[in-house]
Protein chains: 2
Amino acid sequence: MENNNENKISYDEFKKVEVTVGKILSAEKIPDTDKLLKLSVDFAEGAPRQIVSGISAYFPDPAVLVGKKAMFVTNLAPRMIKDFESNGMLFAVGGGDIPFSLLEPASDVPEGTKAV
Amino acid sequence: MENNNENKISYDEFKKVEVTVGKILSAEKIPDTDKLLKLSVDFAEGAPRQIVSGISAYFPDPAVLVGKKAMFVTNLAPRMIKDFESNGMLFAVGGGDIPFSLLEPASDVPEGTKAV
């Protein structure tokens, strides 16, 4: 089939985006918000990063996230979300009318590994 | 930890990249090449796309890929690889000295779903 997407990008544009395997060390709901979880994520950088993500609805018990490896965009500028700095963004699929899913690599891929 | 990556991108730059769940319909080694597999991948677009990927070494029996869902970059311009047009690119992790892994969402995420 033809690729008719009008928003084509170059390979160089794609390569600008850094997506990295992170291991979730902790996950807790941010009080007084509907959707936000505060995650601590290890990317084998020496210290974990704090990442805020609007996925609370998919994980009523955030503790199930602890220990999981998932994919994160790791070269966005840090930004403040509800008074918490987020230093990266969860990269996942679905939500809304379709199931939500983390992108979990095989467990033997170490945190810090970049997507290619 | 501080995000010291020097190659920061904006959210808009990130959003340019379209990464989509594809279901692999067929996978075969391209003769006379060391690394190339030719995949047929369904993105719920009406007809599957042909995608060429250098992952033969990780899948000595390409048939194991058939039926799997994985992530693909779907808005790159088509390009020719060894006389075969590739209309997308596998988006995975690892390789080289570390394990290679597809990014397989939970099986109930339909093909065609975009990463967010």
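**Exercise 1: The largest cavity**

By class, the residues that line the largest cavity comprise two nonpolar, no polar and four charged residues. The model is a predicted one, and the task is to state which residues line the largest cavity and about how much space lies in it.

Solution. Begin with the search of the whole structure, which finds two cavities of 30 Å³ or more. About 40 Å³ of space lies in the largest cavity, and its lining is made up of A:Ile9, A:Glu13 and A:Lys16 together with B:Glu13, B:Lys16 and B:Val17. Two of these lining residues, B:Lys16 and A:Glu13, also form a salt bridge with each other, in which the closest N and O atoms are 3.0 Å apart.

**Exercise 2: The second largest cavity**

Determine which residues line the second largest cavity and how they divide by class.

Solution. The volume of the second largest cavity is about 30 Å³. Chain A contributes A:Phe14, A:Val17, A:Val19 and A:Phe91 to the lining, and chain B contributes B:Phe14, B:Val17, B:Val19 and B:Phe91. By class, this gives eight nonpolar residues, with no polar and no charged ones.

**Exercise 3: The interface**

Describe the contact between chain B and chain A by residues, buried area and polar pairs.

Solution. First, 49 residues of chain B are in contact with 49 residues of chain A. Second, the area buried between the two chains is about 4,000 Å², and carbon and sulfur atoms give 64% of it. Third, the count of salt bridges between chain B and chain A is two, while eight residue pairs are found in polar contact across the interface, both residues being at pLDDT 80 or more. Among the elements of chain B that each supply at least two residues of the side touching chain A are α1 (11-15), β1 (19-29) and β4 (69-73). By class, that side of chain B has 29 nonpolar, 10 polar and 10 charged residues.

**Exercise 4: The pockets**

Which residues lie nearest the centre of the largest pocket, and which are the closest to the centre of the second largest pocket?

Solution. About 470 Å³ of space lies in the largest pocket, which is lined by 25 residues, with B:Ser53, B:Gly54, B:Arg79, B:Met89 and B:Leu90 nearest its centre. For the second largest pocket, the space is about 340 Å³. Of its 19 lining residues, A:Ser53, A:Gly54, A:Ile55, A:Leu90 and B:Val116 are the closest to the centre.

Terms used:
Residues are numbered from 1 along each chain as its sequence is written. Chains are lettered from A and ligands numbered from 1 in the order in which they are written. This is a predicted model: local features need pLDDT of at least 70, side-chain atom pairs count only at pLDDT 80 or more; totals for chains, interfaces and linings use all residues. Side-chain values use heavy atoms; hydrogens and water are left out. Contact means heavy atoms within 4.5 Å. Buried area is the accessible area (1.4 Å probe) that two parts lose on being put together, summed over both. A salt bridge is a side-chain nitrogen of Lys or Arg within 4 Å of a carboxyl oxygen of Asp or Glu. A polar contact is a pair of N or O atoms within 3.5 Å; within protein, one must be able to donate a hydrogen and the other to accept it, and residues adjacent in sequence count only if both atoms are side-chain atoms. Helices (H or I, at least four residues) and strands (E, at least two) are DSSP runs, numbered from the N terminus. Ala, Val, Leu, Ile, Met, Phe, Trp, Tyr, Cys and Pro count as nonpolar, Asp, Glu, Lys and Arg as charged, and the others, Gly among them, as polar. On a 1 Å grid over the protein atoms alone, a cavity is a set of points where a 1.4 Å probe fits but cannot get out, and a pocket is an open set with protein on both sides within 12 Å along at least five of seven lines; lining residues have an atom within 4 Å of a point. Grid points are joined across faces, edges and corners, and a volume is the space filled by probe spheres set on the points.
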